[in-house]
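Please open the model in your viewer and follow the stops below in order. Each stop gives a selection and then says what is there.

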Amino acid sequence: MRVTNPFNHNELRDHLKLQQKCAWDLDTCVDWTIGVDAQKFLLPLDESSIAFPGASNEQKLALSQLMGLIVNATISEMEDCLPKLKKFAWDDVLKDYPVNPELVALGEQFFLEEAKHAAAFKRYLATFCQSLGIESDDLDLLLPKAFGSHFQAAIIRNARSGGQAFWWVVSNVEEVSINIFQGIYRNKNDVDPLYFNLHRRHLEEESRHANYAYLMIELNKHQNRGLRGWWHRKTDFTWAQLVAAPWVITELYKFFNVKHLKHKNPWFEVLASCIPLYEKMNQSEKIRRMFIAAPYVSWILNPNHRQMHIDATKDLGSWNLPFPEAKKVPVVTFDRGEMNHA
Ligand SMILES: [Fe+2]
Ligand SMILES: [Fe+2]
């Protein structure tokens, strides 16, 4: 059921009931006691192992695990930052432009679910560290943290002036996390069972509440009819893309901190041994991988990878930067033969 009209309170009420009825519990949603299987992959890699062409099987396993943790941490950090922006991008909007109590209740449910997801992904990170004997403070040096303060300030400024950049960023993360699960599902026999179960649970709620961002964008269309509203409809999507991208890129470069960790754990040592593979690529190939070819990374950075975004921006007539063409089906697969020998 996809609810798209913020004024249809009957539909909103039914959707809220569905979300509440199907909501899962953090402690019982998955069997946390099984821990992490260190020999299993977390995310499928493409033929160039994201940005490390020529990686050995051992390196592929470690890269797949690190990428899986980066995805978890990115979703968790973004979801954690939602309550900080909630007042400006949601509370104030609905106070200035009251619609119906159902849209408010649905929003409360949305923020509640996101806080739970952030906690679930954090718990997975802690379980991974425990299973592999890694200090979580060490792993933290490689993972994205504290969704950038510049980003937050820009989003708040945009929301205060009647913009909807916040909801474009939210819908970006939601669409990418749904796409990520498709790849995990196709390779579920090779993926760590706890990681698979957690992402399956996440997908259930994401696909149920993915429409909320679009409800808020639709509401904004009715709320801001003047020149300012027109300007926001045209520019906010690109603005959201431009303020989030520097954070994503900067945080990815934390990977190189692994040089300082290689003596602490064999897992870090394997990751550090991948650095020369990245350095061997020329600059244009590095950029091509970041925006076109590397799964997960390019899906976030290049809107042409996101069909829901393409459709929504066409609908609204939003301006879009001329990003390069992306592959039509943004799902990668493992090379099973190689994986089984990893
Ligand atoms: Fe989520
Ligand atoms: Fe979500």
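Predicted model: local features only at pLDDT ≥ 70, side-chain atom pairs only at ≥ 80, totals over all residues.

**Stop 1: the core**

Select Leu63 and Met67, the residues with the most contacts inside the largest nonpolar core, which has 83 residues. Then select helix α2, residues 57-96, which gives the most to this core with 14 residues. As general background, nonpolar side chains tend to be buried together in soluble globular proteins.

Keep Leu63 and show what surrounds it. Leaving out residues up to four places away in sequence, Leu63 touches Leu45, Ser49, Ile50, Phe52, Ala55 and Cys274.

**Stop 2: the loop**

Ser49 lies in the loop between α1 (9-22) and α2, and Ile50 is placed in the loop between α1 and α2.

Check the backbone angles here. Most residues other than glycine have a negative phi. Ser49, however, has a positive phi near 50°, and the phi of Ile50 is also positive, at about 70°.

Are these residues buried or exposed? Ser49 has 21 other C-beta atoms within 10 Å, so Ser49 is buried; the threshold is 20 or more. Ile50 counts as buried because it has 28 C-beta neighbours inside 10 Å.

**Stop 3: α1 against α3**

Select α1 together with helix α3, residues 101-132. The pair packs at an angle of about 25°, and the axes are 9 Å apart. Angles under 35 degrees count as roughly parallel, so α1 is roughly parallel to α3. The crossing of α1 and α3 is left-handed.

For the contact itself, show His9, Leu12, Arg13, His15, Leu16, Gln19 and Gln20 on the α1 side; on the α3 side they meet Glu102, Leu103, Ala105, Leu106 and Gln109. By class, this contact of α1 with α3 divides into 5 nonpolar, 5 polar and 2 charged residues.

**Stop 4: α6 against α7**

Move to helix α6, residues 165-186, and helix α7, residues 193-209. Their axes come within 10 Å and cross at roughly 140°, which makes α6 oblique to α7. The crossing of α6 past α7 is left-handed.

Which residues of α6 and α7 meet? From α6, select Glu174, Ser177, Ile178, Phe181 and Ile184; their partners in α7 are Phe196, His199, His202, Leu203, Glu206 and Ser207. The contact of α6 with α7 has 5 nonpolar, 4 polar and 2 charged residues.

Key:
Residues numbered from 1 in each chain as written. Chains lettered and ligands numbered in written order. Axes fitted to C-alpha atoms, helices over the stretch in contact; angles between N-to-C directions. Helix = DSSP H or I, 4+ residues; strand = E, 2+ residues; numbered from the N terminus. Parallel < 35°, antiparallel > 145°, perpendicular 65-115°, else oblique. Left-handed = near helix turned anticlockwise from the far one by under 90°. Contact = placed C-beta atoms within 7 Å. Nonpolar A, V, L, I, M, F, W, Y, C, P; charged D, E, K, R; others polar. Core = buried A, V, L, I, M, F, W, Y, C linked by C-beta atoms within 7 Å. Buried ≥ 20, exposed ≤ 12 C-beta atoms within 10 Å, placed from the backbone.
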